[in-house]
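Let's take a walk through this protein together, from a pair of helices to the surroundings of the ligand.

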Amino acid sequence: MSLNKKFDFIIVGQGLAGTLLAHDLIDANKSVMIIDFNLKASASRVAAGLINPISMKRCIPAIPSFYLPKCFERYRDLEKKLDSSFLNLTPLLRLFDSTDTNDKWKDKYISGGMDIYIKEFIIDNSFSFLDDSSSSAIIEPAGHLDVINFLDLSRIYFSKKHFLLEEKFDFSQFNDSKISYKNYIADAIIFCEGFRVRENPYFNYLPITPTKGEVMTIRIPSLEYFDKIVSKGVYIIPLGNYLYKVGATYNRTDFTDKLTKEGQVFLNKKITDILNVDYEVVSSVAGVRPTVRDRKPLIGMHPKNPRLGIFNGLGARGVLIGPYLSKQFSKVLSGVHNQELDFETIARFS
Ligand SMILES: Cc1cc2nc3c(=O)[nH]c(=O)nc-3n(C[C@H](O)[C@H](O)[C@H](O)COP(=O)(O)OP(=O)(O)OC[C@H]3O[C@@H](n4cnc5c(N)ncnc54)[C@H](O)[C@@H]3O)c2cc1C
């Protein structure tokens, strides 16, 4: 077969990771071919898209503070590029489970530097449709991304302007010394396959420990829209038109997209703990997060072949951390700067 199509990069996987990286490389004037097949249980298409900068359990920042503005900035840029809107800035209402938790948060607010995220404490019983009897606090900025809309619009953009091959990447057709796949050839290939990196013969040595999650869409007939994301064990995200997304569960043993009885019971129990009003379940979905044991992303080039790369391991906060990590990695890939990445690469496992 003759090699007739040359690209700077081949990207395998058009989930959140592959999509962000493809946009960054294209914006750096690189030619990119994306190979993606919508496989079952992929994370991005079920993710609720929550952008929450803090760890609710410990009331500490979940990420370095500069990730948040970079994330908002990048999605706003991409909204302009794709001529649409998918980023929603919405404050988060944290419901406390006890007055002890409330006191702990007040301490962190006064002396723990958390005043940059905690905007206000709210007295108990302020919202009639919620059980906020132990009071609550507002976290801002926060928000959520309509991930499916972002991926679908990007897919249209990639297939119109660049190159999108809709098939399952077949490793038996890949030549790792030429970086050729079927009749395509590239300078480098970057794998962004989410938890399916476990099937990748080059990177399956990395310690990915996937976590399945289930998410539910509910309808609250008495509440057309609440202008905050509610959080207490689960998050309830307002979608508009009486609809809310609720998630999520964590399961480390089952990697299918099948809903489980335990997952559905868990979500319904959490919802009834939070809401004082009736709701109906509209639909539920499940997917598998590409989580890593040390909770750090899997980014970098293969230790034995520097033309094979990986952008993965975005974990449970991919929407928030993905834009910064993708931008930094794309700069190194496109030779904009040679400086060291300011986060740990997969070299930590060699
Ligand atoms: C239930 C649930 C809720 C979540 N909620 C949130 C949230 O609220 N906020 C947040 O920030 N994050 C959330 N996440 C995490 C977030 O979804 C992930 O961090 C992110 O989507 C990972 O993206 P990815 O591109 O690495 O993987 P994926 O989304 O899994 O994408 C991988 C892509 O590669 C394709 N692919 C794989 N192998 C091949 C192959 N051989 N050939 C061709 N294509 C292939 C797949 O089909 C898929 O399209 C959630 C995840 C789950 C499961």
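Helices (H or I, at least four residues) and strands (E, at least two) are DSSP runs, numbered from the N terminus. Axes are lines fitted to C-alpha atoms, for helices over the stretch in contact, and angles run from 0 to 180 degrees between N-to-C directions. The model you see is predicted, so local features need pLDDT of at least 70 and side-chain atom pairs count only at pLDDT 80 or more, while totals for chains, interfaces and linings use all residues. Residues are numbered from 1 along each chain as its sequence is written.

**Two packed helices**

Helix H2 (residues 67–82) packs against H6 at an angle of about 85°, and their axes are 8 Å apart. H2 and H6 are therefore roughly perpendicular to each other, a label that covers angles of 65 to 115 degrees (under 35 is roughly parallel, over 145 roughly antiparallel, and the rest oblique). On the H2 side, Tyr67, Leu68, Lys70, Cys71, Arg74 and Tyr75 take part; they meet Leu320, Ile321, Pro323, Tyr324 and Lys327 in H6. Contact here means that the C-beta atoms of two residues, placed from the backbone, lie within 7 Å. By class, the contact of H2 with H6 has eight nonpolar, no polar and three charged residues. In this scheme Ala, Val, Leu, Ile, Met, Phe, Trp, Tyr, Cys and Pro count as nonpolar, Asp, Glu, Lys and Arg as charged, and the others, Gly among them, as polar.

**Domains and the ligand**

The protein is divided into domain 1 (5–46 + 148–208 + 293–349), domain 2 (92–140) and domain 3 (211–288), with bounds from an automatic or database domain assignment. Between domain 1 and domain 2, the C-alpha centres lie 39 Å apart.

Where does the ligand lie? Domain 1 and domain 3 both give residues to the shell around the ligand, so it lies between them. Of the 42 residues around the ligand, Gly13, Gly15, Gly194, Gly213 and Gly318 come nearest. Helix H1 (16–27), strand E15 (211–219), strand E19 (280–289) and helix H6 (318–333) are the elements that give two or more residues to this shell. A residue counts as near if its C-beta atom, placed from the backbone, lies within 6 Å of the molecule. The shell divides into 21 nonpolar, 15 polar and six charged residues.

**Strand pairs**

Two strands pair if DSSP finds at least two bridges between them.

| Pair | Sense | Bridges | Example partners |
|---|---|---|---|
| E1 and E2 (residues 32–35) | parallel | four | Ile11 and Ile34 |
| E6 and E10 (residues 143–145) | antiparallel | three | Leu89 and Gly143 |

E6 and E10 also belong to an open sheet of three strands, in the order E3-E10-E6, with antiparallel pairing. Strand E3 (50–51) and strand E6 (87–89) are its edge strands, each pairing on one side only.

**Backbone details**

Most residues other than glycine have a negative phi, and most peptide bonds are trans. A cis peptide bond joins Glu140 and Pro141, with omega about 5°; Pro141 sits in the loop between strand E9 (136–139) and E10. Gly247 and Ala248 are also joined by a cis peptide bond, with omega about -5°. Ala248 is found in the loop between strand E18 (243–247) and helix H5 (261–274). Asn125 is not a glycine, yet has a positive phi of about 55°, and lies in the loop between strand E8 (118–122) and E9.
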